[in-house]
Amino acid sequence: MLLAVFVVGCGKDIDPEPQQPDVENPDDDPGHDDEPDVPDDTTDTVELAYRIGDYYSEGFIKGIVFNVDSTGEHGYVMALDEIVTVWSYKFENVMYGLPSSDGNYNCDMVESMEGWKENYPGFLWAEEKNILGLDSWYIPSSAEMSLMYNAFHGEGSEADKEWFNECLTSNGGSALEDTLYWTSGEMGPQIAYVFDMATNTNSLDQETATKTNEYPFRAICRF
């Protein structure tokens, strides 16, 4: 039976496996049955698979896939838009310099702070994407930003970045840039982790990482 994988978006096509011809018994085989074969009415179901660069649209989650597992059925989606603002207006310990590699956990820590909606505008922006009870969008950790870097830079050529940005902009999104992005991780009361999309590293300079500096945020979610 012919199996095919269907994808959407900017991902490259996958060639289907060739169909294997039926092999009939020779006519002189004493076990040969002249009656026609009975069709098999069982149907194999092939799940929809995603690849990096594909447009993802399920319910209120719409964005571009930037990481997938080996099946293409689970991974990460990044929001089409971004916001440029401060990490926070208030200097306080949120995670005492021990952020998680799970950005969703870090966001929960921020949202446990008193007055967080007034003091953490980037986190509020991501949370407001979770409409009608959705609990999916959050600000990525440094580790999750590194997955985004890998999708954006591909093999490292300018053509790879242009291709990925075309996947964003052709679906109404804003392009990624080789610039500093805020992560959800905190280094201390006054500084947070700033991810450099040009080098795949965090900036550890205290002046650069001061929470009141303005850098872009990009929200993500899992699928």
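**Figure 1. Aromatic pairs, with Trp87 and Phe123 in close-up.** A search of the whole structure, which is a predicted model, finds 11 aromatic pairs. In the pair shown, the ring centres of Trp87 and Phe123 lie 5.1 Å apart and the ring planes stand at 80 degrees, so the pair is edge-to-face. Trp87 belongs to the loop between S4 and H1, and Phe123 to helix H3 (residues 121-127), so the contact ties together parts that are 36 residues apart in sequence. Both Trp87 and Phe123 are buried. Trp87 and Phe123 also belong to one aromatic cluster together with Tyr120 and Phe217.

**Figure 2. The ring pair of Trp163 and Phe164.** A pair of aromatic rings is described by the distance of the centres and the angle of the planes. For Trp163 and Phe164 the centres are 6.3 Å apart and the planes meet at 55 degrees, so the pair is tilted. Trp163 is partly exposed, at 33% relative accessibility. Phe164 is buried, with a relative accessible area of 0%.

**Figure 3. Lys129 over the ring of Trp137.** Lys129 lies over the face of Trp137. The distance from the ring centre is 5.9 Å.

**Figure 4. The salt bridge between Asp102 and Arg222.** The whole structure holds 8 salt bridges. In the one between Asp102 and Arg222, the closest N and O atoms are 2.7 Å apart. Asp102 sits in the loop between strand S4 (83-86) and helix H1 (103-110), while Arg222 is in strand S9 (residues 220-222), so the pair ties together parts that are 120 residues apart in sequence. Asp102 is partly exposed, with a relative accessible area of 25%, and Arg222 is partly exposed at 39%. A network of salt bridges links Asp102 and Arg222 with Glu144.

**Figure 5. The salt bridge between Lys211 and Glu186.** Here the side chains of Lys211 and Glu186 meet at 2.7 Å, N to O. The pair links distant parts of the chain, 25 residues apart. Lys211 is placed in the loop between strand S7 (201-203) and strand S8 (214-217), and Glu186 in strand S5 (residues 180-186). Lys211 and Glu186 are both buried.

Figure 6. Glu158 forms a salt bridge with Lys161, and the closest N and O atoms are 3.0 Å apart. Both residues lie in helix H5 (residues 158-169), 3 residues apart, which is about one turn of the helix. An α-helix has 3.6 residues a turn, so residues three or four places apart point the same way. Lys161 is buried, with a relative accessible area of 10%.

**Figure 7. Helix H4 and the glycine that follows.** Helix H4 (residues 142-153) has 12 residues. From its first C-alpha to its last, H4 reaches 16 Å, close to the 16 Å expected at 1.5 Å a residue. H4 is mostly covered, with 9 of its 12 residues buried. The buried residues of H4 include Met145, Met148, Tyr149, Ala151 and Phe152. Ser142, Glu144, Ser146 and His153 are also buried in H4. Gly154 follows H4 and has a positive phi, near 55 degrees.

Figure 8. Most residues other than glycine have a negative phi. Tyr96 is not a glycine, yet has a positive phi of about 50 degrees. Tyr96 is placed in the loop between S4 and H1 and is exposed, at 62% relative accessibility. Asn200, also a residue other than glycine, has a positive phi near 65 degrees. Asn200 is found in the loop between strand S6 (192-196) and S7. At 27% relative accessibility, Asn200 is partly exposed.

**Figure 9. A nonpolar patch on the surface.** Phe60, Ile131 and Leu132 form this patch. Together these residues have about 330 Å² of accessible area. Phe60 is in the loop between strand S1 (55-58) and strand S2 (61-68). Phe60 is partly exposed, with a relative accessible area of 46%.

How values were computed: Residues numbered from 1 in each chain as written. Predicted model: local features only at pLDDT ≥ 70, side-chain atom pairs only at ≥ 80, totals over all residues. Heavy atoms only, no water. Salt bridge = Lys/Arg side-chain N within 4 Å of Asp/Glu carboxyl O. Helix = DSSP H or I, 4+ residues; strand = E, 2+ residues; numbered from the N terminus. Buried < 20%, exposed > 50% of the residue type's maximum accessible area, 1.4 Å probe, protein only. Phe/Tyr/Trp six-rings, centres within 6.5 Å; stacked < 30°, edge-to-face > 60°. Lys NZ or Arg CZ within 6 Å of the ring centre and 35° of its normal. Patch = residues over 30% accessible without salt bridge, like charges linked within 9 Å, V, L, I, M, F, W, Y side chains within 5 Å. Areas by Shrake-Rupley, 256 points an atom, 1.4 Å probe, with all protein chains shown as cover. Expected span 1.5 Å × (residues − 1).
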